[in-house]
Amino acid sequence: MKTIITGDRPTGKLHLGHYFGSLKNRVEMQHDYDTYILIADVQALTDNFDNPEKVTKNVRELALDYLAAGIDPKHSHIYIQSLIPEVAELTVYFSNLVSVARLYRNPTTKFEAQQKQDKFGEKGEGITYGFLGYPVSQAADITALDGDIVPVGEDQLPHIEQTREIVRRFNNVYGNTFKEPEAYLSTTPRIKGLDGNEKMSKSLNNCIYLSDSEEEILKKVMSAVTDPNKIKKDDPANPDICMVYYYHKLINNNVDTICRECKKGERGCVACKRELATALTNYLKPMQERRHYYEEHPDEVEEILKDGTNAARSRAKEVMKRVRKSMKLDYFENKDN
Ligand code: TRP
């Protein structure tokens with residue numbers, strides 16, 4: 001069975017962008033792969049080092065979002081990155097194999113640093129070693145558990161590419177030790193915000209969270225961008241430039257009827273939005289019910305995280321034996337057998 005390694009930073013609630021971009025895939029794939037999902041607290045600290053509470057507080061929230069979304073602890077191991085010291089060790093070895101110039105060229109870290117000028121300066125001159133280097137630790141996350149497949153959103157592709165480069169370099173220098181992991185993109189690797197923005201993102205304030213209540217969803221959907229040429233309720237409109245239709249499509253809600261009625265001017269936007277809000281609420285309902293169950297059973301969540309972490313750690317220990325052997329660091333191992 002092939003192995004999936006993937007995860008997210010615990011910095012806030014998960015939204016529909018996460019769900020369609022990668023979570024849905026992970027939920028579907030967990031039955032056919034050995035699945036490890038990490039809560040990347042170490043990586044979250046690279047830009048929240050001065051606010052560790054924010055990170056630790058969100059570890060449990062992220063676990064709840066995973067369980068709510070349908071990650072099934074019977075099929076997947078959910079684990080905490082900082083509890084796998086082998087990953088930190090491997091990160092150090094990997095850091096010799098990637099140039100600083102190459103790290104500066106990673107478009108995702110570059111973009112994120114620009115978003116954080118308050119921390120890293122206007123031109124990124126104050127960027128830290130830890131932040132610039134987090135793709136190296138991400139490479140260690142994936143390879144320390146012998147990952148084959150990494151289901152992620154589009155923004156993570158540069159990191160997987162960098163992981164593959166590090167693996168090739170490692171194998172070249174120390175002998176064949178790792179396989180090159182592959183990214184797995186969903187058919188909707190990035191979904192638009194209700195405001196029509198290309199990306200759903202916390203910083204753009206255009207998210208529908210998996211845990212949003214019916215009222216919150218309705219309020220957000222009511223502000224969604226529609227065809228600006230449609231002024232009156234019975235004006236015909238173009239659904240292809242309407243975010244309400246885009247979301248109907250995303251959750252597969254009566255798409256043909258909606259499209260036809262909208263084009264003919266037989267569908268008012270307010271009613272269409274209400275219908276979408278109801279459909280989204282129903283879509284999220286099973287997730288919210290699962291979330292509620294686990295919120296009421298915190299001990300179970302803790303057990304799940306402990307078990308997942310133990311499973312990940314024993315795997316990482318095995319892989320690191322191989323790494324130390326390749327790197328000739330296996331000092332006290334019995335060399336005769
Ligand atoms: N970079 C990912 C994010 O920002 C989190 C992450 C850390 C990750 N290590 C990983 C994803 C390994 C996939 C594989 O959400």
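The domain assignment of the protein chain gives domain 1 (3-191 + 298-326) and domain 2 (214-292), with bounds taken from an automatic or database domain assignment. This is a predicted model, in which local features need pLDDT of at least 70 and side-chain atom pairs count only at pLDDT 80 or more, while totals for chains, interfaces and linings use all residues. Residues are numbered from 1 along each chain as its sequence is written, and side-chain values use heavy atoms, with hydrogens and water left out.

| Item (domain 1 and domain 2) | Value |
|---|---|
| Distance between C-alpha centres | 34 Å |
| Buried area | about 970 Å² |
| Salt bridges | 2 |
| Residue pairs in polar contact, both at pLDDT 80 or more | 4 |

Buried area is the accessible area (1.4 Å probe) that two parts lose on being put together, summed over both. Of this area, 64% is on carbon and sulfur atoms. In domain 1, L16, F20 and A68 lose the most area to domain 2, together 46% of what that side buries.

A salt bridge here is a side-chain nitrogen of Lys or Arg within 4 Å of a carboxyl oxygen of Asp or Glu. R291 and D65 form a salt bridge through their side chains (3.1 Å, N to O). A polar contact is a pair of N or O atoms within 3.5 Å; within protein, one must be able to donate a hydrogen and the other to accept it, and residues adjacent in sequence count only if both atoms are side-chain atoms.
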